[in-house]
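User: I would like to learn how to read the features of a structure like this one. Please take them one at a time.
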Amino acid sequence: MRVICFDLEKVLQLPQSNVEEFYYKLNCYNLTTFELNTNDVINYLWTETDGKRGANEIGTRISRYVKSTPINVKHLILYSDNCSCQNRNKYMMTALLHAVATTHIELIDQKFLTTGHTQMEADSVHAAIEKTSRNVNIFTQHEYINVMK
């Protein structure tokens with residue numbers, strides 16, 4: 001069994017610099033999955049040119065996560081907030097059903113945190129990213145920053 005929580009970070013804008021303002025900025029999205037069994041973190045990043053912040057994009061990233069789980073994992077428990085436009089909808093349910101039908105996973109439980117009490121481990125990853133990025137100039141979406149040292 002594997003237990004994860006996942007959450008979408010607030011919009012990050014690129015390029016970013018402490019020196020100057022930029023006329024054009026590109027929105028970057030980050031879906032963070034935090035494995036509670038192992039404390040492993042996977043960030044799925046994409047820009048506004050690659051997709052939006054909706055159910056299709058979230059469902060696609062969670063499906064990728066499910067496909068990447070080890071073959072010995074048969075049961076997956078997902079925790080997320082109650083955001084109906086991203087997590088709690090028919091598109092996400094269809095993506096999870098498809099994952100059960102096409103992978104080694106036999107059971108997926110999707111659980112939602114109580115409204116107003118949605119603080120989770122993925123939020124600590126977001127805080128580390130935001131704290132680190134305040135002091136870093138980021139000019140391309142391909143530049144890698146390791147914030148979990």
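Analyst: Start with how elements are named: helices (H or I, at least four residues) and strands (E, at least two) are DSSP runs, numbered from the N terminus. In this predicted model, local features need pLDDT of at least 70 and side-chain atom pairs count only at pLDDT 80 or more, while totals for chains, interfaces and linings use all residues. Residues are numbered from 1 along each chain as its sequence is written, and side-chain values use heavy atoms, with hydrogens and water left out. As a case of placing a residue, N87 lies in the loop between β5 and α2 (90–102).

User: Is N87 buried or exposed, and which residues does N87 touch?
Analyst: Buried means under 20% relative accessible area, exposed over 50%, and partly exposed in between (1.4 Å probe, protein chains only). With a relative accessible area of 3%, N87 is buried. A contact means heavy atoms within 4.5 Å. Leaving aside residues up to four places away in sequence, N87 touches F6, I58, S80, D81, M92, Q110 and F112.

User: Which strands does β1 pair with?
Analyst: Two strands pair if DSSP finds at least two bridges between them. Four bridges join β1 to β5 (residues 75–80), and these two run parallel. With β3 (residues 26–35) there are five bridges, and β1 and β3 run antiparallel. I4 stands opposite L78 in β5 and opposite E35 in β3.

User: How many salt bridges are there?
Analyst: Side chains of opposite charge can pair when their charged atoms come close. The criterion is a side-chain nitrogen of Lys or Arg within 4 Å of a carboxyl oxygen of Asp or Glu. A search of the whole structure finds one salt bridge. It is formed by E35 and R2, with the closest N and O atoms 3.5 Å apart. E35 is in β3 and R2 in β1, so the pair ties together parts 33 residues apart in sequence. E35 is buried at 5% relative accessibility, and R2 is buried at 14%.

User: What about aromatic rings?
Analyst: Rings of Phe, Tyr and Trp (its six-membered ring) pair if their centres lie within 6.5 Å; planes under 30 degrees apart count as stacked, over 60 as edge-to-face and the rest as tilted. The structure holds one aromatic pair. Y29 and W46 form this tilted pair, 5.9 Å centre to centre with 55° between the planes. Both Y29 and W46 are buried.

User: Which residue has a positive phi although it is not a glycine?
Analyst: Most residues other than glycine have a negative phi. N39 has a positive phi of about 65°. N39 is found in the loop between β3 and β4 and is exposed, with a relative accessible area of 53%.

User: How far can I trust the coordinates?
Analyst: pLDDT is the predictor's confidence in each residue, from 0 to 100. Where pLDDT is low, the predicted coordinates should not be read in detail. The mean pLDDT of the protein is 85, and 84% of its residues reach 70 or more. Over residues 141–149 the pLDDT is below 50.
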